[in-house]
Amino acid sequence: ELLLLQRNAIDIEVISVPRVTIMTAGNEGNALARQFDKYALPPVKILIDTTTPQEREEYLKSLAIELYKTDWADRPLSPEDIRTLTDNTNGIDLTSIVGLRPQEIFYDWLVHEAFNQDPDEIYMADGSGRLKENFLTWQEKNVRLYLANKRADPRLKISLPKLVNISVLGAEPERPDSQADKVVAPYKPFRVLDRHDISGLKHFSFTGARTGSHKVKERYITQAHRTFDRHSIMAEPSGAIGLALYMQMVDEKEVNPLDGRMRLMINTGKGI
């Protein structure tokens, strides 16, 4: 139960804490489980794929969670499916809920720190799509804030013309059995911005001309991961896939590394 203090600071109401479900390849579930345990909240219900490596599954079982499995490739799962599969029909599915504005608030500080590096292009992992969606949302939102208030978000230090010319390139593996398994998903029904939305943002000049999602060959993921290792940069293959996309585009003559343009790679790190 959770105690809610009313606005007058006198009346106190007791409500039940809802049970929470999330589909995860591991990292989000790990983070949520630790925070829920820290604040003595009911264990998070985690839904993993049947292809999850045994070692990772055993690690998740060691946490304060309830673990469930299903075949993600069988069909796209609805929010109702996810709650049913995790015995949480009256709870909340964080995977699909948009009321929390996941495309805006999940990475908003990271996004502005990246913008302020003044890059021409930003390369990143494009798994759930949330990271890329945050970049695109804040490109568009900063323009609207300026039009309405004559100022963008105070965290933004570059000019609007520079902001809207940044291309945001998402990378996902070409192979479904990729080593970058945190970025692989057979279905992605909960993306807030689909390819039609992204096309519209480009046509209305809210983002750069090269913005979009791109498939990456496996050998470049291996190469990028090894490059990070040689430079003692902590990352798993999924975290290095942004660099992998850049390497692939250089080899395919889509990018000229000597053209003087500034390119920023987002490393999403190393999880379980």
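1. The model is predicted. Helices H5 and H6 are roughly perpendicular to each other, because angles of 65 to 115 degrees fall in that class and the angle between these two is about 70°. Their axes lie 9 Å apart, and H5 passes H6 in a right-handed crossing.

2. On the H5 side, the residues that meet H6 are Asp108, Leu110, Val111, His112, Ala114 and Phe115. Their counterparts in H6 are Leu131, Asn134, Phe135, Trp138, Gln139 and Asn142. Classed by type, this contact comprises 7 nonpolar, 4 polar and 1 charged residues.

3. An open sheet is built from 4 strands in the order S9-S8-S7-S10, with parallel pairing. S9 and S10 are the edge strands; each has a single partner, so one side of each lacks a neighbour in the sheet. Neighbouring strands are turned against each other by 25° on average, direction ignored.

4. Within the sheet, S7 and S10 pair over 3 bridges in the parallel sense. Glu121 stands opposite Arg263 in S10. Helix H10 packs on this sheet and touches S7, S8, S9 and S10; the direction of H10 makes about 100° with that of S8.

5. H10, residues 241-251, is largely enclosed by the rest of the structure, since 9 of its 11 residues are buried. Among the buried residues are Leu243, Leu245, Tyr246 and Met247. The elements covering the buried residues include helix H9 (218-230) as well as strands S7, S8, S9 and S10. After H10 comes Lys253, with a positive phi near 65°.

Key
Residues numbered from 1 in each chain as written. Predicted model: local features only at pLDDT ≥ 70, side-chain atom pairs only at ≥ 80, totals over all residues. Heavy atoms only, no water. Axes fitted to C-alpha atoms, helices over the stretch in contact; angles between N-to-C directions. Parallel < 35°, antiparallel > 145°, perpendicular 65-115°, else oblique. Left-handed = near helix turned anticlockwise from the far one by under 90°. Contact = heavy atoms within 4.5 Å. Nonpolar A, V, L, I, M, F, W, Y, C, P; charged D, E, K, R; others polar. Buried < 20%, exposed > 50% of the residue type's maximum accessible area, 1.4 Å probe, protein only. Pairing = 2+ DSSP bridges.
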